[in-house]
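Me: I have a chain open and would like to talk it through with you. Could we start from the strands and then move on to the rings?

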Amino acid sequence: MSPWSWFLLQTLCLLPTGAASRRGAPGTANCELKPQQSELNSFLWTIKRDPPSYFFGTIHVPYTRVWDFIPDNSKEAFLQSSIVYFELDLTDPYTISALTSCQMLPQGENLQDVLPRDIYCRLKRHLEYVKLMMPLWMTPDQRGKGLYADYLFNAIAGNWERKRPVWVMLMVNSLTEVDIKSRGVPVLDLFLAQEAERLRKQTGAVEKVEEQCHPLNGLNFSQVIFALNQTLLQQESLRAGSLQIPYTTEDLIKHYNCGDLSSVILSHDSSQVPNFINATLPPQERITAQEIDSYLRRELIYKRNERIGKRVKALLEEFPDKGFFFAFGAASQ
């Protein structure tokens, strides 16, 4: 259990709601998905107060892939709550603008100027491959909605030569066939934000863009180059057919729908940062991978969870007569 979950359980009298207490055990990827709403698993907890408030664990996948497996009690809690809080305000144009700005290199710098030549050439070659494959990866449903491959590529990878290497690494990691097929449908967090806005609920965010963005920019240059190189090696091996990713988006969705909060697979959705630690790395590179992992865990999970927990507690104390619905990523807890 992470510090975030522990903090909530200790300070907010958080109780599992409905079927949540019957969630699957670790590794139950082959759970029997129950069609009856009353038997579905849930990532909903009740905060004991009057009116009650709720904590709901989301997942960063198209909402259509998980919505039918979210129990009615979770949906009812969302409808009943007068205030809905997210990690970030996903409907605020400033959020998108600030995220974009945070990802950019200093004025006048380009990736070609800062990356080693061999890595830059491999990166460019891989992005050319993705652009070539994207029309084949897209679904008929996406085309029916007027989503074109060139537009989608530019929306994801446009202006990549001006981005900081760490954000290019994350971009490359997400430019896969599975990811492309899911574009065009809001992820669960965004869908809930749009629903809250449609229902005229009061909404808010517990984090600032800079708090999510700056820790990634805090990795030193050698760590970022290592991470980008490892990501490119992985994608090149996938293209060559010599590597198979152990945890796919499909695995992630199934574990979420099975209510498997404890699953190691869910941790791969926590920051969307790939895990670089593996036994095949030379000793020095393994040390670098462990340093990156320790830094990201400290900055993106432990420090962040403590900060979010304190803000949730402060909100509940400031508005004791309001019913809150907190929708945060289940995997980062």
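**Strands, rings and a buried glutamine**

Reply: A place to begin is the bridge partner of Phe56 in strand S6, which is Ala327. This is a predicted model, and in it S3 and strand S6 (residues 324-329) pair in the parallel sense over five bridges.

Me: And in which sense does S3 run with S2, and over how many bridges?

Reply: Strand S2 (residues 44-47) and S3 run antiparallel and are joined by four bridges, with Thr46 having Tyr54 as its bridge partner in S3.

Me: How many residues of S3 are buried?

Reply: Six of the six residues in strand S3 (residues 53-58) are buried, so the strand is largely enclosed by the rest of the structure. Ser53, Phe55 and Gly57 point one way from S3, while Tyr54, Phe56 and Thr58 point the other way, and all are buried.

Me: Why would side chains alternate like that?

Reply: In a regular strand the side chains alternate between the two faces of the sheet.

Me: Before we go on, what is the mean pLDDT of the chain?

Reply: The mean pLDDT of the protein chain is 83, and 80% of its residues reach 70 or more. Over residues 1-13, however, the pLDDT is below 50, although this stretch has 33 contacts in the model beyond near neighbours in sequence. Residues 19-29 also have pLDDT below 50, and that stretch has 30 contacts beyond near neighbours in sequence.

Me: What does the secondary structure come to, and how much of the chain is buried?

Reply: The protein chain has 14 helices and six strands, and 45% of its 333 residues count as buried. Among contacts between residues at least 6 apart in sequence, 81% join residues at least 24 apart. The accessible surface of the chain comes to about 16800 Å², and 52% of that belongs to carbon and sulfur atoms.

Me: Now the rings: how many aromatic pairs are there?

Reply: The structure holds 14 aromatic pairs. In one of them, Trp45 and Phe55 have ring centres 6.2 Å apart and planes at 45°, so the pair is tilted. Trp45 lies in strand S2 and Phe55 in strand S3, so this pair ties together parts that are 10 residues apart in sequence. Both Trp45 and Phe55 are buried.

Me: And what about Trp67 and Phe191, how are their rings placed?

Reply: The ring centres of Trp67 and Phe191 are 5.0 Å apart with the planes at 75°, so that pair is edge-to-face. Because Trp67 lies in the loop between S3 and helix H2 (72-80) and Phe191 in helix H10 (residues 188-198), the pair ties together parts that are 124 residues apart in sequence. Trp67 is partly exposed, with a relative accessible area of 23%, whereas Phe191 counts as buried at 12% relative accessibility.

Me: Which residues form the aromatic cluster?

Reply: One aromatic cluster is formed by Trp45, Phe55, Tyr85, Phe319, Phe324, Phe326 and Phe328.

Me: Which charged ends sit over rings?

Reply: The charged end of Lys201 sits over the ring of Phe78, 5.8 Å from its centre, and that of Arg239 sits over the ring of Tyr129, 4.5 Å from its centre.

Me: Last topic, Gln235: buried or exposed?

Reply: Gln235 is found in helix H12 (residues 221-240) and counts as buried because its relative accessibility is 5%, where the cut-off is under 20%. Leaving aside neighbours within four places in sequence, Gln235 is in contact with His126, Val172, Asn173 and Thr176.

Conventions:
Residues numbered from 1 in each chain as written. Heavy atoms only, no water. Buried < 20%, exposed > 50% of the residue type's maximum accessible area, 1.4 Å probe, protein only. Helix = DSSP H or I, 4+ residues; strand = E, 2+ residues; numbered from the N terminus. Pairing = 2+ DSSP bridges. Contact = heavy atoms within 4.5 Å. Areas by Shrake-Rupley, 256 points an atom, 1.4 Å probe, with all protein chains shown as cover. pLDDT = per-residue confidence, 0-100. Phe/Tyr/Trp six-rings, centres within 6.5 Å; stacked < 30°, edge-to-face > 60°. Lys NZ or Arg CZ within 6 Å of the ring centre and 35° of its normal.
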